Amino acid sequence: MSLEKVLAISGKPGLYELLVQTRTGFIAESLADGKKSTVGLRNNVSLLSEISIYTYSDEVKLFEVFKNIATKENNGEAISHKEDNPTLVAYFREVLPEFDEERVYVSDIKKVLNWYNILQKRGLIAEAFTAEAAATETEAK
């Protein structure tokens, strides 16, 4: 599965894989339990590939933040999103030192860490960044 098809659906916990588009929306499968659900066009849905994190100078794509976490943790699991707020902010500052503390809330940091851990448990983090490294190496040749 490609990370490009991973969705966050407001009002529903966790992450989903886009399976099929329908006339009235689409069908998504939960990455947590594999249950399929129909999502209407009225739901607020975000592709993870389109989400960015504010920094003081620019915006950084969520996958770059995931890559920084994966590098820090050697493709392992990040800290729990249930840690206390100062711990979460300090950890996030390590992986993205320039994040804008006025526009990036602790709730956003919790989502990023939770999403990273969901993807990491499914093996998608290592798979995505290994494939990216191989593609970059091929381009260099």
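Predicted model: local features only at pLDDT ≥ 70, side-chain atom pairs only at ≥ 80, totals over all residues.
## Domain layout

## The interface

Contact between the domains involves 11 residues of domain 1 and 10 residues of domain 2. About 1000 Å² is buried between domain 1 and domain 2, and carbon and sulfur atoms give 77% of this area. On the domain 1 side, Leu3, Leu31 and Leu48 supply 63% of the area buried against domain 2, more than any other three residues.

Across the interface of domain 1 and domain 2 there are zero salt bridges. Two residue pairs are in polar contact across the interface, both at pLDDT 80 or more. Strand E1 (6-9) and strand E5 (45-47) each contribute at least two residues to the side of domain 1 that touches domain 2. By class, that side of domain 1 has seven nonpolar residues, three polar and one charged.

## Ile118

With a relative accessible area of 17%, Ile118 counts as buried, because the cut-off for buried is under 20%.

Leaving aside residues up to four places away in sequence, Ile118 touches Gly14, Leu15 and Leu31. Leu31 is also one of the three leucines that together supply 63% of the area domain 1 buries against domain 2. Ile118 and Lys5 are 113 residues apart in sequence, and their C-alpha atoms are 15 Å apart in space.

Definitions and conventions: Residues numbered from 1 in each chain as written. Heavy atoms only, no water. Contact = heavy atoms within 4.5 Å. Buried area = accessible area lost by both parts, 1.4 Å probe. Salt bridge = Lys/Arg side-chain N within 4 Å of Asp/Glu carboxyl O. Polar contact = N/O pair within 3.5 Å; in protein donor to acceptor, adjacent residues only side chain to side chain. Helix = DSSP H or I, 4+ residues; strand = E, 2+ residues; numbered from the N terminus. Nonpolar A, V, L, I, M, F, W, Y, C, P; charged D, E, K, R; others polar. Buried < 20%, exposed > 50% of the residue type's maximum accessible area, 1.4 Å probe, protein only.
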